[in-house]
Amino acid sequence: MWRALFERQARILHGRAFQGFLDGLSGLGVAADGIPEFDRLTDILDAATGWRIVAVPGLVPDDVFFRHLAARRFPVTNWIRTRHQMDYLQEPDVFHDIYGHVPMLMDPAFADYLQAYGRGGLKALRVDALPYLARLYWYTVEFGLIQTPAGLRIFGSGIVSSKGESVYCLESPEPARVAFDLYRVMGTKYRIDDYQKIYFVIDSVEDLMEATRPDFAPLYERLKTDTDLEPGEVVPTDVRVPRRLH
Ligand code: PHE
Ligand code: FE
């Protein structure tokens, strides 16, 4: 299963995935030959950005998840999908976690962003604002796009581990692509059962880090009194980003 998934994504992601992601994959020595040894990945990650991998049996409670991230530990699921689930899974498996998430942790700016996100998660729990912060994770860590000199690229883990969405998110005329705006993102609902109807585009991981540095507490208060946007909704203040043409 690992080999089949790996080889399929390698073909699709060439020229579509963010170079930082591809560098992370090769830097970790993640390859087609098998599920990598977690201890070996931790050794390489720890030396590069101070992150470690911990094995978990499935989704963990929110507070546990955030505490792991805040301590630079990434929880990785310890099971792999069956051949009947090649194209679609409801819950993360080891391919999604290792192939999708771990390479980005080799990027120093992204490594800092995800730790800050973990701390922000603990705070969001305290002020009852988790749904807003969860949208930020969804639209960046899982389904983020990035503008680069070479063109629009994918860095979101939920996309790079999906065959269909890796093409759809860049090339389909269907979804909206909008420049990243923190408040806008946290006010936008998302779908978990189909390809996204909207993608947000960052200019660099450093910009994302800067945009998310301020205290979110006042934003949460404003969001609580504002109406959420539907997944496919586009508003006049949105800065549209053109899709990738062949
Ligand atoms: N600045 C955010 C807060 O005050 C924390 C955070 C940083 C959240 C980065 C997400 C990403 O809550
Ligand atoms: Fe994920």
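This tour moves through a helix pair, its aromatic rings, a second ring pair and a metal site.

The model is predicted, so local features need pLDDT of at least 70 and side-chain atom pairs count only at pLDDT 80 or more, while totals for chains, interfaces and linings use all residues. Residues are numbered from 1 along each chain as its sequence is written, chains are lettered from A and ligands numbered from 1 in the order in which they are written, and side-chain values use heavy atoms, with hydrogens and water left out.

**Helices α1 and α5**

Begin by selecting residues 2–13, helix α1, and residues 94–101, helix α5. Helices here are DSSP runs of H or I with at least four residues, and strands are runs of E with at least two, numbered from the N terminus. The two axes come within 11 Å and cross at roughly 35°; axes are lines fitted to C-alpha atoms, for helices over the stretch in contact, and angles run from 0 to 180 degrees between N-to-C directions. The crossing is right-handed, meaning that the near helix is turned clockwise from the far one by less than a right angle.

Next, show the side chains at this crossing. Trp2, Leu5, Phe6, Gln9, Ala10 and Leu13 of α1 meet Val94, Phe95, Ile98 and Tyr99 of α5 (contact: heavy atoms within 4.5 Å).

**Aromatic rings**

Keep Phe6 and Tyr99 selected. Rings of Phe, Tyr and Trp (its six-membered ring) pair if their centres lie within 6.5 Å; planes under 30 degrees apart are stacked, over 60 edge-to-face and the rest tilted. The count by this rule is 18 aromatic pairs. The ring centres of Phe6 and Tyr99 are 5.4 Å apart with planes at 85°, so this pair is edge-to-face. It ties together parts that are 93 residues apart in sequence, because Phe6 lies in α1 and Tyr99 in α5. Phe6 is buried at 12% relative accessible area, and Tyr99 is buried at 1% (buried: under 20%; exposed: over 50%; partly exposed: in between; 1.4 Å probe, protein chains only).

Move to Tyr139 and Tyr190, an edge-to-face pair with 6.3 Å between centres and 90° between planes. Tyr139 is in helix α7 (residues 130–142), and Tyr190 is in the loop between α10 (182–186) and β6 (198–202). Tyr139 is buried at 1%, whereas Tyr190 is partly exposed at 29%.

**The iron ion**

Finally, select ligand 2, the iron ion, with its protein donors His96 (NE2), His101 (NE2) and Glu142 (OE), which lie 2.0 to 2.1 Å from it. Donors are N, O and S atoms within 2.8 Å of the metal (3.2 Å for Na, K and Ca); water is not among the atoms, so sites may look incomplete. The donor residues follow the spacing H-x4-H-x40-E. Both His96 and His101 are buried.
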